[in-house]
Amino acid sequence: MKSICILSGTDRPGSMALRIAKYIQPHYQEKGVQARIVSLEEFPIHEAAGGRYGKNLPEIEAFRNQVIDADGIVMIVPEYNGSFPGILKLFIDYLPFPEAFSKKPIAFIGEAAGAFGALRAVEQMQMVCSYRNAHVYPERVFLQRVKKNFDEEQGIKDEKVAELLHNQIRGFLEFISQVSEYESV
Ligand SMILES: Cc1cc2nc3c(=O)[nH]c(=O)nc-3n(C[C@H](O)[C@H](O)[C@H](O)COP(=O)(O)O)c2cc1C
């Protein structure tokens, strides 16, 4: 069975990112995929305090393995100050180099209070993931004015954006299979 990790890209309590992660999880599960949510709210930040790069960090290792052991990652990226949240970069800075994201399929959902739906944040994160040799899935989804346009009961209220999300889910699973075939030859 294919496994994906839905990474909620912020540690903000009550975030829309985590709500969106919970909303999309059953959509993956109904396609026969094991879909695990990992929230950066749970990132053991105390272990990173003081810049402990390259040290033995068992809690961070256990946390990051939940993400990098998956066949694919769906990253939910909020926009903070015209970029992605700092905790998301900290998480990436504590991944093993260079292998962690290497050849890993990654899809992106941007969400923001503003009108651009975290376009800037996602594009910046795509650059980081490409630098780390991920296979970036090109069809992104952006939720603008997220509190108005999304809630748990109704999901995504804009029909076109909802359709983009469903296309992303279907397409990303095909992409994971194709990447795996390509990498095995
Ligand atoms: C530190 C911080 C910075 C933010 N900067 C932006 C921003 O640059 N552009 C924007 O549209 N929204 C910004 N927001 C609002 C978020 O987009 C909003 O909280 C939205 O719900 C997505 O974040 P969430 O997943 O934490 O809920 C910011 C929020 C925080 C907490």
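**Questions on the model**

Trainee: Which residues does Lys-103 touch, not counting residues up to four places away in sequence?

Mentor: This is a predicted model, in which local features need pLDDT of at least 70 and side-chain atom pairs count only at pLDDT 80 or more, while totals for chains, interfaces and linings use all residues. Residues are numbered from 1 along each chain, as its sequence is written. Two residues are in contact if their C-beta atoms, placed from the backbone, lie within 7 Å. With residues up to four places away in sequence left out, Lys-103 touches Asn-133, His-135 and Glu-183.

Trainee: Is Lys-103 buried or exposed?

Mentor: Lys-103 is in the loop between α3 (86-93) and β4 (105-111), where helices (H or I, at least four residues) and strands (E, at least two) are DSSP runs, numbered from the N terminus. A residue is buried if 20 or more other C-beta atoms, placed from the backbone, lie within 10 Å of its own, exposed if 12 or fewer do, and partly exposed in between. Because Lys-103 has 12 other C-beta atoms within 10 Å, it is exposed.

Trainee: How is Asn-133 classed by its C-beta neighbours?

Mentor: Asn-133, which Lys-103 touches, is found in the loop between α4 (119-131) and β5 (135-136). Its phi is positive, about 65°, although Asn-133 is not a glycine. With 13 C-beta neighbours inside 10 Å, Asn-133 counts as partly exposed.

Trainee: What is the phi of Arg-145?

Mentor: Most residues other than glycine have a negative phi, and most peptide bonds are trans. Arg-145, in the loop between β6 (141-143) and α5 (146-149), is partly exposed, with 15 other C-beta atoms within 10 Å. This residue is not a glycine, yet its phi has a positive value, near 40°.

Trainee: Which residues are joined by the cis peptide bond with omega near 0°?

Mentor: The second residue of the pair, Pro-98, has its place in the loop between α3 and β4. The bond, with omega near 0°, is cis and runs from Phe-97 to Pro-98.

Trainee: What is the radius of gyration of the protein chain?

Mentor: The protein chain has 6 helices and 8 strands, and its pattern along the sequence is β-α-β-α-β-α-β-α-β-β-α-β-β-α. The globule rule (2.2 Å times the number of residues to the power 0.38, for a radius taken over C-alpha atoms) gives 16 Å for 185 residues, and the chain comes close to that, so it is as compact as a globular protein of that length. Along its principal axes the C-alpha trace spans about 45 × 40 × 25 Å, and the radius of gyration is 16 Å.

Trainee: Which residue in β2 stands opposite Ile-6?

Mentor: Ile-6 lies in strand β1 (residues 3-8), and it is buried because 27 other C-beta atoms lie within 10 Å. Two strands pair if DSSP finds at least two bridges between them, and β1 pairs with strand β2 (residues 34-39) in the parallel sense over 6 bridges. Among the residues that Ile-6 touches are Ala-21, Val-74 and Ile-76. The residue standing opposite Ile-6 in β2 is Ile-37.

Trainee: How far apart are the end C-alpha atoms of helix α1?

Mentor: The expected span of a helix is 1.5 Å times one less than its number of residues. Helix α1 (residues 16-29) has 14 residues and should therefore span 20 Å, which agrees with the distance between its end C-alpha atoms, 20 Å.

Trainee: How many residues surround the ligand?

Mentor: A residue is near a molecule if its C-beta atom, placed from the backbone, lies within 6 Å of it. The closest residues are Met-16, Ala-17, Pro-78, Ala-112 and Gly-114, and of these Met-16 and Ala-17 are among the buried residues of α1. The number of residues surrounding the ligand is 15.
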